[in-house]
Amino acid sequence: MNQTQIDELLLYFLRASPGKTGDDSSEPLSEADWDDLLRQSERHKITPLFYHCLRTFHPDIPVPPTVTKRLRQAYLDNSARNLRLYDNLGEVLKSLRREHIPVIVLKGAHLAELVYRHCALRFMGDLDILVQKDDLIRIDALLLEMGCSPTVQNRLVGRDNNEFAYLMPKRDVSLEVHWSILAPTFPFTIDTDGQWERSRPALIAGVDAAVLCPEDLLLHLCLHAGCTHGFEPGLRIFCDIHEILQHHKDGMDWGMVQRHIREWGIGKCVFLTLLFTREFLGTALPEGLLEVLKPNDFDERFVALARDQIFSRRLRTGPPLSMWPAVARFWGSPRLRDKVFLFLTGFFLPRDAMARLYPAPADSMRIYFYYVVRLRDLVRVYGRDGWRWLKGDKEMQAIAKEGQDLTTLKDWLMSS
């Protein structure tokens, strides 16, 4: 099977009502086909859910015993991993609760326990919580007391950040402490105070906390999928949204959803995310919703660009380009002059941003020494790739093309 057929087959198995597409053949899949399917499910980090869907929606599909064993093991491994993550989260939530510090549990930890209803079904990369900005100093002190290690030297709130990350003392579990769901650099007007007012009490990891209401959760995931990560790579986020809409199908306030979309200016991101969710998983949406949300400047090429990010054809070592917007824009710029400009603007960061990265206060003369250190760090990380690009290396040219596509897509998603 080619890659497109494997992608379509994976989607077929994820659907509760597959319809006419997908595995219409009576011939059983080969071992190689199953290997390809597992490889794709692992790339999208949905193997435990894939295993559950096979057993629940497609019990008559003949699965080789070796494949069943691998799927079951992935399910058990994720269950053990998530139990460890919830154990770490529970300790944090207990500490915050003792100090009467309000907290909203975000994304994976909310979804796995309350939406998927079984922690093994949803892979969690890290732990995310939303707190109030005024509590950051107290929270930082509590986390340091617990033995957590911050990933930046100085935790300073700036014009470009919305979170601080810590490594938990137990096996380097990552905890991200947000005071807003998006950084101020995004051109949206997110109603953070309203999210707190609309939040709901919930029992997470055995501790009383809060979670976003279904409408805010849906919009948060749409923004996380499109604007934060450019859909790269991404079936997991569409599975999340499908599960949310199934779980809250009788209680979702679509009037509120549309009102927030207009007020926050996030229509393009929500439209494209819901469009793909319906296409990939057959998710039921209110009649006419997508027609209402469809942007005036919509073009099918943006669908194609997003689809390429979701079903990334080329495996690459290291973090995805979407995690480093400046790097994606650097490689995506076609002219050397633009690359030099982006390198210099990435090098000469504001002093408060430098102070988060290096051990010197923003108002100290010592901070200027660390610009030299930063230049060394950038050359160490990106120098080899830059040299390969100058020599016309084919892999670097492909990365440059991917960066250009990702930049084009995200620019459209964030335009008014």
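In which sense do strand S6 and strand S7 pair, and over how many bridges?

**View 1. The hairpin of S6 and S7.** In this predicted model, where local features need pLDDT of at least 70, side-chain atom pairs count only at pLDDT 80 or more and totals for chains, interfaces and linings use all residues, strand S6 (residues 200-204) and strand S7 (residues 207-211) pair in the antiparallel sense over five bridges. Residues are numbered from 1 along each chain as its sequence is written, and side-chain values use heavy atoms, with hydrogens and water left out. Strands (E, at least two residues) and helices (H or I, at least four) are DSSP runs numbered from the N terminus, and two strands pair if DSSP finds at least two bridges between them. Leu-203 has Asp-208 in S7 as its bridge partner, while Ala-205 takes a positive phi near 55° in this hairpin, which has two residues between the strands.

**View 2. The largest nonpolar core.** Among its 82 residues, Leu-235, Leu-272 and Leu-274 touch the most other members; such a core is a set of buried (under 20% relative accessible area, 1.4 Å probe, protein chains only) Ala, Val, Leu, Ile, Met, Phe, Trp, Tyr and Cys residues joined through side-chain atoms within 4.5 Å. Helix H11 (residues 267-281) gives the largest share of this core, nine residues. A second, separate core of 33 residues includes Met-124, Val-131, Leu-136 and Trp-179.

**View 3. Leu-375 in helix H17.** Leu-375 counts as partly exposed because its relative accessibility is 35%, and partly exposed lies between the buried limit of 20% and the exposed limit of 50%.
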